[in-house]
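Hello,

Here is the structure you were expecting, with some notes to follow. Please look through it before reading on.

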Amino acid sequence: MVSLKDISQKCGVSIATVSKALNNQMDISDETKKMVRRVADEMGYYPNASARALRTRHSNTIGVLFVDEARSGLTHDFFSNVLDAFKVTAEEKGYDILFINRKIGNRATTYLEHCRYRGVDGVVMACINFQDEEIRELVMSEIPVVTIDYTFEGKMAVVSDNVQGMRDLTNYVYQMGHRKIAYIHGTDSSVTRSRMGSFYRTLEELGVSVPDEYVKNGAYRDTVSAAERTKELLELKNRPTCIIYPDDFAAMGGMGMIRSMGLRIPEDVSVAGYDGILLAKAMMPELTTLSQDTEKIGSTAAEKLISMIERPKTTIPVRTVIPGHVLEGQSVRKIG
C-alpha cells in the first residue's frame, strides 16, 4: 500500500507538504498541490478511511434503515428505486452506504447503538414503523437523520405528494366518466391517511358520494388481500365501475381476481394503481397509475442529508414535497 512517505520521497517534499496538498490546505502553492496529486494518482494512492475518520471526525458513511412490514427488502419496487437514486447521489458526493439493523454480530443492539458503533455520519429512514421507540430514539439523537414519506416535527423529511397524487388519480378516473369508484387502501400510516382523505375530499368536491362498502382495508404489496377485497367489491349488488388499489403490485392481485370471475379489464371493471413501477407498463392491459418520482425523492433525500452532515450550522430542517403524475394506461375505460 502506498503511503504518504512514499509520495514525499518521490516528490522530494516533506510528508507534511504531501498531507497538506492532498487535503487542499491553503498554505502551499497550487503548483505543488497539482504535482503531489499527480504523483499520488500515478502511484495508486488511496487515503486510509480509518485514519481519515479520526482526522476529520467523519466516516463518509451513511446508514440506511429500511424495514417494511412484509420484509420484502430490496425487492420492494418503490423503495428500492428510491434507495438506488439515494445511493447514486451519495456515492457521487463521496459517501458509502451501510444498512443498519438491530444486531452487531450475534449481539442484540438498538438502531442508535449500531449507528454509533459503525460511526455513520447520518441516516436515511424509509418504509419502517416510525412509531417504534428505537426509531424515535435515533431521530432525537445527535446523528443527522432524513426520513422518507414521514415527517417528525422539526426534522428533515422528503415526502411524495400523496394528497395531490391521489387527487390527480381520482380526478382522472372521474374525467373518464366513472362515478362508482372504489378504493382498496393500504395498512394504516401517514401515507394511507393522506391518500384516503384526499380520495374522499376530491370526490366530495366533485359531487360524488362514496358508499362505505366501496372503501376496503387492504395492505401494501399484498396480492392476496387485494384479490379478497376485490372479490367483495365485485359481489356487491351495486358494484363499482372502477377500483383504485394501494399500489401497482396489489393491483396485480385484483386484476387476477377480476379475470377469475369471468370479467374483462377495462370493459367490465376498470383498474388504477399507485406508484408507477416498471412492471405496470408490462401488465395487460397497461396499468393506469400514479407515478411517484422515485429518482427525485432519493436524490433529494441524499442531498438534504449530506447538507446536514457537512453544513450542520446553516442547514435548516425542512419538509420537501416531491410531486408525481398520472400515467395513462389502458386499464381505465372511458364511459359515456
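The side chains of T289 and D248 are joined by a polar contact of 2.7 Å. This is a predicted model, so that distance, like the other values here, is computed from predicted coordinates.

The two ends of that contact sit in separate elements. T289 belongs to strand β12, which covers residues 288-291, and D248 belongs to helix α11, residues 248-260.

T289

The side chain of T289 also reaches the backbone nitrogen of D275, at 3.5 Å. Is T289 buried or exposed? Its relative accessible area is 0%, and because the limit for buried is under 20%, T289 counts as buried. Once neighbours within four places in sequence are left aside, the residues in contact with T289 are L169, D248, G273, Y274, D275, G276, A280, H325, V326 and L327.

Helix α11

How far apart are the end C-alpha atoms of α11? They are 19 Å apart; the helix has 13 residues, which at 1.5 Å a residue should span 18 Å, so the two values agree.

The buried residues of α11 are D248, A250, A251, G253, G254, M255, M257 and I258. D248, the partner of T289, is therefore a buried residue under the cut-off of 20% relative accessible area. The cover over the buried residues of α11 includes helix α10 (223-234), strand β11 (270-275) and strand β12.

At the start of the helix, a side-chain oxygen of D247 comes to within 3.0 Å of the backbone nitrogen of F249. After the helix comes G262, with a positive phi near 80 degrees.

The whole chain

The protein chain has 12 helices and 14 strands. Its radius of gyration is 26 Å, whereas a compact globule of 336 residues would have one near 20 Å. The C-alpha trace spans about 90 × 40 × 35 Å along its principal axes.

Of the 336 residues, 49% are buried. Among contacts with a separation of 6 or more, 68% are between residues 24 or more positions apart. The accessible surface is about 17,000 Å², and carbon and sulfur atoms hold 49% of it.

Regards

Definitions and conventions: Residues are numbered from 1 along each chain as its sequence is written. This is a predicted model: local features need pLDDT of at least 70, side-chain atom pairs count only at pLDDT 80 or more; totals for chains, interfaces and linings use all residues. Side-chain values use heavy atoms; hydrogens and water are left out. Helices (H or I, at least four residues) and strands (E, at least two) are DSSP runs, numbered from the N terminus. Buried means under 20% relative accessible area, exposed over 50%, partly exposed in between (1.4 Å probe, protein chains only). A polar contact is a pair of N or O atoms within 3.5 Å; within protein, one must be able to donate a hydrogen and the other to accept it, and residues adjacent in sequence count only if both atoms are side-chain atoms. Contact means heavy atoms within 4.5 Å. The expected span of a helix is 1.5 Å times one less than its number of residues. The radius of gyration is taken over C-alpha atoms; the globule rule is 2.2 Å times the number of residues to the power 0.38. Accessible areas come from the Shrake-Rupley method with a 1.4 Å probe; for residues, only the protein chains shown count as cover.
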